[in-house]
Amino acid sequence: MFSWLGTDDRRKKDPEVFQTVSEGLKKLYKTKLLPLEEHYKFHEFHSPALEDADFDNKPMVLLVGQYSTGKTSFIRYLLEQDFPGMRIGPEPTTDSFIAVMHGTTEGQIPGNALVVDPKKPFRKLNAFGNAFLNRFVCAQLPNPVLESISVIDTPGILSGEKQRISRGYDFAAVLEWFAERVDRIILLFDAHKLDISDEFSEVIKALKNHEDKIRVVLNKADQIETQQLMRVYGALMWSLGKIVNTPEVIRVYIGSFWSHPLLIPDNRKLFEAEEQDLFKDIQSLPQNAALRKLNDLIKRARLAKVHAYIISSMKKEMPSVFGKDNKKKELINSLGEIYTRIEREHQISPGDFPNLKRMQDQLQAHDLNKFQPLKMKLLDSVDDMLAHDIAQLMVLVRQEEAQRPNQVVKGGAFEGTMNGPFGHGYGEGAGEGIDEVEWVVARDKPMYDEIFYTLSPVNGKVTGANAKREMVKSKLPNTVLGKIWKLADIDKDGMLDDEEFALANHLIKVKLEGHELPGELPSHLVPPSMRKVPE
């Protein structure tokens, strides 16, 4: 059991005791943040109230992209099996939001039934109405990948005003709702059609403030040659730079995420390395889930505080009897000045304020006289949560992580390249010769022996100083050469015999060819004379 006691009198009387981080987050939200949100109508302006399922659910991955970028194929590739309701084709096939989740039996749950299930984190989606709920479904199936994460497939984004209107619900608002609650957002692009439509541009802007969750995948990259791929990648980065306003470059993964033969296999190694990087990122989600929920709660608390200051400021300026309509228009038009005043008076960062234009549009539909004045007790409670409770909860997050074994996503495509000869890098670099009977270093040993005997060996060994003079000719930094020395000096006597010297040169060659050095010397690289004879 985890617990903490504060130092002030109130905490001595009422100590906080939590079994888990999830329980702690739920209690803090309900007792400290939710009262502030309800008092100032936060849920009508920004985001619906959080429920227990939002804190308990598995990490979720949201796939977003224009039609035929391979979103559904990507899920099929990860799971290595079909899921209920799956349709794949070059035309816009997925016209629904599909939550692919773990279940004991295969089946589908329609949207209207899904939003009344308290165990699922989708109850607040009922605010988007039947037009959306008729296009929302949960596909359940017993798949090992889904034991650790859930995946949200989305309709292909189209271009043109007609398509946007015909949806019947606010597509960007639904995606924004999901973006707040998911752990990873994957934007997929087709290497053949890189144009970013108006609706896609709107969607990416709706994901603002969630840039830390976004990863970009340039899919179907095996269908174009290396020279064209380089140009497509540059064009994608240029297009994203105009929409995603972040000072750092967004991470883009290049590959072909489906189980068909590569059409142009020239970049096979690149695709393998990129796939492994993306898989590691997805596999780490369960380990970081509690920290992500804690981070999202802090972001929400900061926005709720700013919202309270905005609402109470407008309430304070409103007349009690005459001229209400004119004053309302005046206040909404001067909202930017109110932002500046609040920022100065309360030392709040400009990045914590909601979008000005959107806030002005929302205020038009509200009666400003019904807003509440500033209630410091509610704000103090949230400040107390941010100053004390969150810091203590952070400690619990680390303790929970340390107590659990490494939580990673398993099964499906994540297992496909873990073991055996098709593991990433198998038979390459330090892994070269892993399956061979002969010692792989022996191939070049005659060449290394010629150098060895020019270094004045004594009793069959060269000193560290003499070996260093030869090894630095590789121009590798001392930190790398030091690691190579540790691996090659197997008997740790500070000198190298002819086999150890050959091994050192082999490892230098591995590094110069662009491969990573192993943490420990693999058994197949140990010189034959130093291998232990099995008893």
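Before we start, "buried" means under 20% relative accessible area, "exposed" over 50%, and "partly exposed" in between, using a 1.4 Å probe and protein chains only. Helices (H or I, at least four residues) and strands (E, at least two) are DSSP runs, numbered from the N terminus. This is a predicted model, where local features need pLDDT of at least 70, side-chain atom pairs count only at pLDDT 80 or more, and totals for chains, interfaces and linings use all residues. Residues are numbered from 1 along each chain as its sequence is written, and side-chain values use heavy atoms, with hydrogens and water left out.

**The sheet**
- Eight strands make an open, mixed sheet in the order β5-β6-β4-β7-β3-β8-β9-β10; strands count as paired if DSSP finds at least two bridges between them.
- At the edges sit β5 and β10 (252–254), each pairing on one side only.
- Strand β9 (residues 214–219) runs parallel to β10, joined by three bridges, and Val217 has Tyr253 as its bridge partner in β10.

**Strand β6**
- All six of the six residues in β6 (136–141) are buried.
- With β4 (residues 97–102), β6 pairs in parallel over six bridges, and Phe97 stands opposite Phe136.
- With β5 (residues 107–110), β6 pairs antiparallel over four bridges, and Gly107 stands opposite Gln140.

**Helix α9**
- Ten of the eleven residues in α9 (171–181) are buried, so this helix is largely enclosed by the rest of the structure.
- Among those buried are Phe171, Trp177 and Arg181.
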